[in-house]
Amino acid sequence: MIIIKLIISFLIVALAGYIGIQKAGGLSKREYILRDMITFLKNVKNEIVYMQTILPNAFEIARQNVYFELKDAIGQIIIDMLNQKSDYIKDESIVVNISRIKNLTDYDKNVFISIIKSLGRGDVTTQINIIDNGINTLENQVKEANEYKLSNAKVYKKMGFIMGLIIVIIFI
Amino acid sequence: MEEIYKVLPEILTQKIKNIGSNTGISEIRLRVNKNCIVITSSIEIVLEYIVSLKDILDILIKVSKNSIYSIQNDINNGFIVINGGHRIGICGEAVVLDGNIKNIKNINSLNIRVAHQIIGCADKILTQIIEDGIFYNTLIVSPPGCGKTTLLRDIIRQISNGVDYLKLKGLNVGLVDERGEIASVCNGICNLDVGLRTDVMSNISKSKGIEMITRSMGVNVIATDEIGTTDDVKAINYAVCSGVSLIFTAHGNSIKDISLKEGFDKLLENNIFRNLIILSNKNGPGTIEKMYKLNNDDKLKNVS
């Protein structure tokens, strides 16, 4: 009986600790996705400035250098851009696919959505300005995400284990 | 016409298809807040469709595949060539910086010219401009809308492919297509047949294009449309000195008209062109009004 209780207690603490570690890991992931977005925009800018590549092709080339959920989201946006019969469908696709990305705040998503929606409507200088402003904003978001991660990651991990211990003490 | 329908609004596409004479359509004119006008070979049809500013913008977005910056140079030149070789002329407010057009804003009208080619329209004059298997310098003169570009295109095609019955082997032709009307190059592909051995330089001034092609492409013949400036004449002289043959067109009604243009009188005096063809619209576009040939006395003689 005692052995069973010990095993259950261990499992509860391990599970709670695992949840805490996952939560802390999510903070790192936010930073990686934001950095991916910056990489993506820089590559798109190069394609537009030096090759004047059309947007769907520029997105596809830039997409090859990103990872995580952003790669899949951009892929779906490209498909909808090529199939689109109206601008409305393209804009909807951008909102839906970027909103699905996890581990980002609403503000992170809105910034990226507004950059992507604005591209393609003006001359090269306008595209450069849009992308540069977007990169500056995302770099600030990266700093914020990094600071938040440094200050809270350890807390989340410890809280996980502590909550597990509390549950064990109260119920077992 | 399918490529044009892909870029037009769906309702407008349906109205144009309902006209029923799609093969005869030569132009589709779109002006903001005005009815769409379709021009066929025989009549002008005013559709019950009012074009909006959004329609114009949607067309540009579809043509550029959501990338207006990628067609900015074309917009500044006043026309875009789409798949199929069709040309979309653009009108709006020019934004000028340091004497150059930086942009055209508030685009308010489009003129979609349907590309078409008449294969074989040069057959009747080939016997005059090719003798003993040799092609001789030719100048085609006509007012606008008389078919000189269509005729030029077919001549280029035939001399590039070779003309067996006239013992002319295929020649390397360098085509300077300043406004994209002759070969209708889109994304690097010629949408109209200009022959097997033709190299096309598009979206470049005629004078620069002639010099570049003469220097770098090892061509036998240089061809271009609507020569007229002093820079063009200088470039022609450069090409002549390089030993290439020439086939050009120019605006005018007669030899007297073109001899009034600066530099042209010298070209005619120096007998650069062995053949001179004057076109008109008398019996429809492509009517050969007069044909002149250089005789043994180095004088242009009417042979029509």
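Predicted model: local features only at pLDDT ≥ 70, side-chain atom pairs only at ≥ 80, totals over all residues.
Me: Domain bounds come from an automatic or database domain assignment. What domains does that assignment give chain B?

Reply: Domain 1 covers 2-113 and domain 2 covers 123-302. Residues are numbered from 1 along each chain as its sequence is written, while chains are lettered from A and ligands numbered from 1 in the order in which they are written.

Me: What pLDDT does chain B average?

Reply: The average is 86, and 97% of the residues score at least 70. For the complex, the predictor gives an ipTM of 0.71 and a pTM of 0.73.

Me: What makes residues of domain 1 and domain 2 of chain B count as in contact, and how many do?

Reply: Their C-beta atoms, placed from the backbone, must lie within 7 Å. On that test, 8 residues of domain 1 touch 9 residues of domain 2. The domain 1 side has 3 nonpolar, 4 polar and 1 charged. Nonpolar means Ala, Val, Leu, Ile, Met, Phe, Trp, Tyr, Cys and Pro; charged means Asp, Glu, Lys and Arg; the others, Gly among them, are polar. The centres of the two domains, taken over C-alpha atoms, are 30 Å apart.

Me: Why are α1(A) and α2(A) called oblique?

Reply: Helices are DSSP runs (H or I, at least four residues), numbered from the N terminus. Helix α1 of chain A spans residues 2-51 and helix α2 residues 55-63; their axes come within 8 Å and cross at roughly 135°. Axes are lines fitted to C-alpha atoms over the stretch in contact, and angles run from 0 to 180 degrees between N-to-C directions. Under 35 degrees is roughly parallel, over 145 roughly antiparallel, 65 to 115 roughly perpendicular, and the rest oblique. The pair is therefore oblique.

Me: What residues form the contact of α1(A) with α2(A)?

Reply: A:Phe40, A:Asn43, A:Val44, A:Glu47 and A:Ile48 meet A:Ala58, A:Phe59, A:Ile61, A:Ala62 and A:Arg63.

Me: How do you know how α1(A) and α3(A) are oriented?

Reply: Helix α3 of chain A (residues 68-83) packs on α1(A) at about 45°, with the axes 8 Å apart. That angle makes α1(A) oblique to α3(A). In α1(A), A:Tyr32, A:Ile33, A:Asp36, A:Met37 and A:Phe40 meet A:Phe68, A:Leu70 and A:Ile74 in α3(A). The contact has 7 nonpolar, no polar and 1 charged residues.

Technical notes
Helix = DSSP H or I, 4+ residues; strand = E, 2+ residues; numbered from the N terminus. Contact = placed C-beta atoms within 7 Å. pLDDT = per-residue confidence, 0-100.
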